[in-house]
Amino acid sequence: MTIIFVPYYYYQILNYSVAMPIVQITTNLSSRFGPPFLQKVAALVAKMTQKPEKGIVVLMDYHHDAWYAESDEPIALIRFTSLEMDVSKHAGYSSHFAQLFNESLGIQTDRVIVDFNSPPSTHLGKSGTTIAELRNANKH
């Protein structure tokens with residue numbers, strides 16, 4: 001089952017100079033954590049990236065079979081996608097995610113794995129077009 005938490009911005013015009021981070025979480029935990037935990041993740045990402053929380057998408061898949069480091073202990077794989085991500089901040093972001101998942105879900109920090117992705121704005125779509133096109137339209 002997939003839990004989707006998309007903050008309300010659907011009918012608002014975003015500032016397209018700010019990218020929309022997407023956080024996809026996959027875990028072998030069997031419990032559903034719901035919007036309160038997902039909101040914590042969105043707030044953390046907003047703080048880390050200095051981007052508005054209203055544009056952050058957080059998705060969580062749970063109850064997956066997983067095996068890592070010869071164990072099926074709780075694990076979280078986080079795919080963190082954001083435009084214009086500063087790679088020098090990846091280690092700090094990873095640390096913040098590990099701490100949040102440890103404190104909130106009890107997952108050991110060495111079992112929180114983050115996959116960072118920073119595609120060009122032509123490779124992320126929204127509203128039937130790409131972020132690049134929306135930015136160009138916003139300039140005129």
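Q: Which residue forms a salt bridge with Arg 79, and how far apart are the closest N and O atoms?

A: Side chains of opposite charge can pair when their charged atoms come close. A salt bridge is a side-chain nitrogen of Lys or Arg within 4 Å of a carboxyl oxygen of Asp or Glu. Here Arg 79 pairs with Asp 115, with 2.8 Å between the closest N and O atoms. Because Arg 79 lies in strand S4 and Asp 115 in strand S5 (residues 112-117), the pair ties together parts that are 36 residues apart in sequence. Helices (H or I, at least four residues) and strands (E, at least two) are DSSP runs, numbered from the N terminus.

Q: What kind of model is this, and how are residues numbered?

A: This is a predicted model, where local features need pLDDT of at least 70 and side-chain atom pairs count only at pLDDT 80 or more, while totals for chains, interfaces and linings use all residues. Residues are numbered from 1 along each chain as its sequence is written, and side-chain values use heavy atoms, leaving out hydrogens and water.

Q: How many salt bridges does the structure hold?

A: There are two. Arg 135 forms one with Glu 84, the closest N and O atoms being 2.8 Å apart. Arg 135 lies in helix H3 (residues 131-139) and Glu 84 in the loop between S4 and H2, so this pair ties together parts 51 residues apart in sequence.

Q: Is Arg 135 buried or exposed?

A: Buried means under 20% relative accessible area, exposed over 50%, and partly exposed in between (1.4 Å probe, protein chains only). Arg 135 has 15%, so Arg 135 is buried.
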